[in-house]
Amino acid sequence: MGKKKSVVLMVLLTIVIVVLSCLTVFPSFAIPGTVKEWNPSIMQYDLGADLGGNYYAYYYPEGVITEAEYVELDEDEKSDYLQNGSLYLSKDPSYNLVSADKVMDDFKTEFAKAAEVISARYAAKGYSDYSVSIVDDYALKIELPKSEANVATILTYFSYTQDMTLVKGGETVDELKGKEAKITDLIKEFSITTRYNVAYIKVKFTKAGEAMLDRVKDSLSTSETASTTTDASSLTTLDIKMGDSDTAIVQILKDYVDGNTAVVPVAYTEEIATVKTLNVLLNSALNADLDVDFKDVNTNEIRIAESAYGEKVLVWVYVALGVAILGLIVYSIVKMGRYGVVGMYTTLSYLIVVGICYAFISAGVFEVTLGSLLVFLAGLIIVNVMNARTYKAIKEEYDLGKTVASSVKQGYNKTIMGTVDVYAVLLLGALAFLIGAAGLYTFALQAIICIVTGAFCNLLWGRAINYVFLSASKNKNKYFRFEVKEDDDDE
């Protein structure tokens with residue numbers, strides 16, 4: 001390749017790397033003159049509880065009360081309850097909890113099965129950071145990361161397991177009145193999105209659902225009518241309801257419908273929309289196909305826990321990763337000269353690819369945790385170690401008296417199989433976790449992303465960058481910081 005062509009490619013490559021690096025990691029900021037905010041890929045992650053905090057709630061079977069509720073009872077009512085830790089179980093026979101001042105074995109068995117079913121539902125969705133734990137033997141504590149994508153996925157998932165219906169004008173739509181009719185015949189999926197700090201629930205309908213929308217659309221009220229009337233009962237909406245609840249999860253007006261999709265604004269902040277939706281969803285998860293009836297949890301009973309590492313954890317993580325990346329780049333350049341610049345471009349390429357994959361290969365169940373970042377950092381170190389190993393092999397060949405061109409070729413040839421072996425072993429290990437380790441699905445998937453990206457950078461991309469940069473270099477010995485030999489004809 002000619003020097004001029006190499007220089008042009010080097011400039012173009014530099015521009016692309018810089019632009020993509022900014023798109024991936026440049027900090028968020030408000031765009032002047034607009035209400036929009038710049039958000040790089042790394043700011044679009046669904047964070048695990050250790051980095052972003054979580055939502056959690058306590059769920060109690062019907063007939064089980066807390067100590068706070070117990071102390072509010074009259075003295076004669078207290079005798080109707082059996083204490084178990086901080087919980088009190090009703091002796092009322094209708095609840096089938098207590099018999100002869102002992103918790104019934106049937107209830108113990110049913111509660112244990114219910115806990116397993118609920119936990120399995122979350123596990124089946126691939127969540128890497130959820131928790132379903134038993135409190136004082138007969139209550140559940142359920143935790144999920146603060147993530148709008150999680151909520152959307154739960155909504156989609158549990159719409160298939162809980163009794164959900166469509167109501168217009170107080171009556172179920174005709175399409176769901178038959179014995180064999182199911183909500184999934186009409187609704188395909190839910191998702192949550194935000195725009196200008198307003199949250200929206202998007203309801204995607206099937207072909208049959210779209211036909212139903214066409215049939216009822218003209219009879220629905222508009223958002224303009226809704227904004228000018230004070231009597232909600234005078235509005236005609238298409239309501240999506242869960243179970244026996246009289247409260248609609250989603251109320252669809254005429255101008256919310258576009259083809260097979262309804263886009264419904266639900267709140268003016270993402271957090272309010274997420275918490276309210278989560279409330280409905282967790283209740284639906286608990287009340288579907290279980291032998292134990294749990295009491296509904298109100299929105300104000302959904303609690304928010306901040307990251308265990310503090311409010312500034314993301315800032316410190318951002319700084320720590322920045323220092324680590326900068327340190328690897330500086331070390332490469334100081335140790336290996338201009339070949340170290342190849343290492344810098346390889347490092348940034350790894351950062352870009354993994355950063356984008358972490359952001360967009362998610363399907364709503366891909367949380368970035370502290371473990372995810374450690375996997376990323378480990379992969380980055382391996383990329384740089386393999387790069388340094390190649391440089392060492394090239395230098396050893398040059399010290400044997402070979403030309404620079406021959407040394408580069410032989411150095412790559414001697415290290416390629418070792419690099420393949422390293423990444424093959426790592427990939428097999430990650431696949432083993434992906435297939436066989438319960439609860440480590442997302443962690444294994446993230447490791448595979450890092451391993452495949454690292455292999456690409458070391459085996460193909462880094463070598464291509466080196467070829468372009470070396471072709472553009474006037475002094476190839478200086479490029480590698482080699483001592484010039486008198487008989488070296490590479491110049």
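In the predicted model, helix α1 has 23 residues, which at 1.5 Å a residue should span 33 Å. An α-helix has 3.6 residues a turn, so residues three or four places apart point the same way.

The protein chain as a whole contains 15 helices and 21 strands. It has 491 residues, of which 43% count as buried. Among contacts between residues at least 6 apart in sequence, 67% join residues at least 24 apart.

In soluble globular proteins, nonpolar side chains tend to be buried together. The largest nonpolar core of the model has 52 residues, and the members that touch the most others are Tyr339, Tyr350, Tyr358, Phe376, Phe469 and Phe480. Helix α1 (3-25) supplies at least two residues of this core, as does each of α10 (313-336), α11 (338-360), α12 (370-399), α13 (404-436), α14 (441-472) and α15 (476-480).

The surroundings of Tyr350 can be given in detail. When its neighbours within four places in sequence are left aside, Tyr350 is in contact with Gly355, Val375, Phe376, Gly379, Leu380, Val383, Cys450, Thr453, Gly454 and Cys457. One of these partners, Phe376, is itself among the core members that touch the most others.

Strands of a sheet pair through backbone hydrogen bonds, either parallel or antiparallel. Strands β10 (residues 131-135) and β11 (residues 139-145) run antiparallel and are joined by 5 bridges. Within this pairing, Ile134 has Leu140 of β11 as its bridge partner. The two strands form a hairpin with 3 residues between them. Asp136 lies in the loop between β10 and β11, and its phi is near 50 degrees, a positive value in a residue other than glycine. Because its relative accessibility is 29%, Asp136 counts as partly exposed.

Most residues other than glycine have a negative phi, and most peptide bonds are trans. Ala100 also has a positive phi, near 55 degrees. This residue is found in the loop between β8 (98-99) and β9 (102-103). Ala100 counts as exposed because its relative accessibility is 71%.

A further set of strands forms an open sheet. The 4 strands follow the order β13-β12-β16-β17, and their pairing is antiparallel. The edge strands, β13 (171-172) and β17 (248-252), each pair on one side only. Between strand β12 (residues 164-168) and β13 there are 2 bridges, in the antiparallel sense. Val167 stands opposite Thr172 of β13.

A pair of aromatic rings is described by the distance of the centres and the angle of the planes. In the whole structure, 13 aromatic pairs are found. One of them is formed by Phe107 and Tyr138, with 5.4 Å from centre to centre and 40 degrees between the planes, a tilted arrangement. Phe107 lies in helix α5 (residues 105-124) and Tyr138 in the loop between β10 and β11, so the pair ties together parts that are 31 residues apart in sequence. Both Phe107 and Tyr138 are buried. Ring pairs also link these two residues with Phe111 and Phe294 into a cluster.

A charged side chain is placed over another ring. Lys141 lies over the face of Tyr56, at 4.8 Å from the ring centre.

Leu290 and Ala114 are 176 residues apart in sequence, and their C-alpha atoms are 5.9 Å apart in space. Leu290 is found in the loop between α9 (270-287) and β20 (303-305). Its relative accessibility is 14%, and it therefore counts as buried.

Technical notes. Residues are numbered from 1 along each chain as its sequence is written. This is a predicted model: local features need pLDDT of at least 70, side-chain atom pairs count only at pLDDT 80 or more; totals for chains, interfaces and linings use all residues. Side-chain values use heavy atoms; hydrogens and water are left out. A nonpolar core is a set of buried Ala, Val, Leu, Ile, Met, Phe, Trp, Tyr and Cys residues joined through side-chain atoms within 4.5 Å. Buried means under 20% relative accessible area, exposed over 50%, partly exposed in between (1.4 Å probe, protein chains only). Contact means heavy atoms within 4.5 Å. Two strands pair if DSSP finds at least two bridges between them. The expected span of a helix is 1.5 Å times one less than its number of residues. Rings of Phe, Tyr and Trp (its six-membered ring) pair if their centres lie within 6.5 Å; planes under 30 degrees apart count as stacked, over 60 as edge-to-face and the rest as tilted. A charge sits over a ring if NZ of Lys or CZ of Arg is within 6 Å of the ring centre and within 35 degrees of the ring normal.
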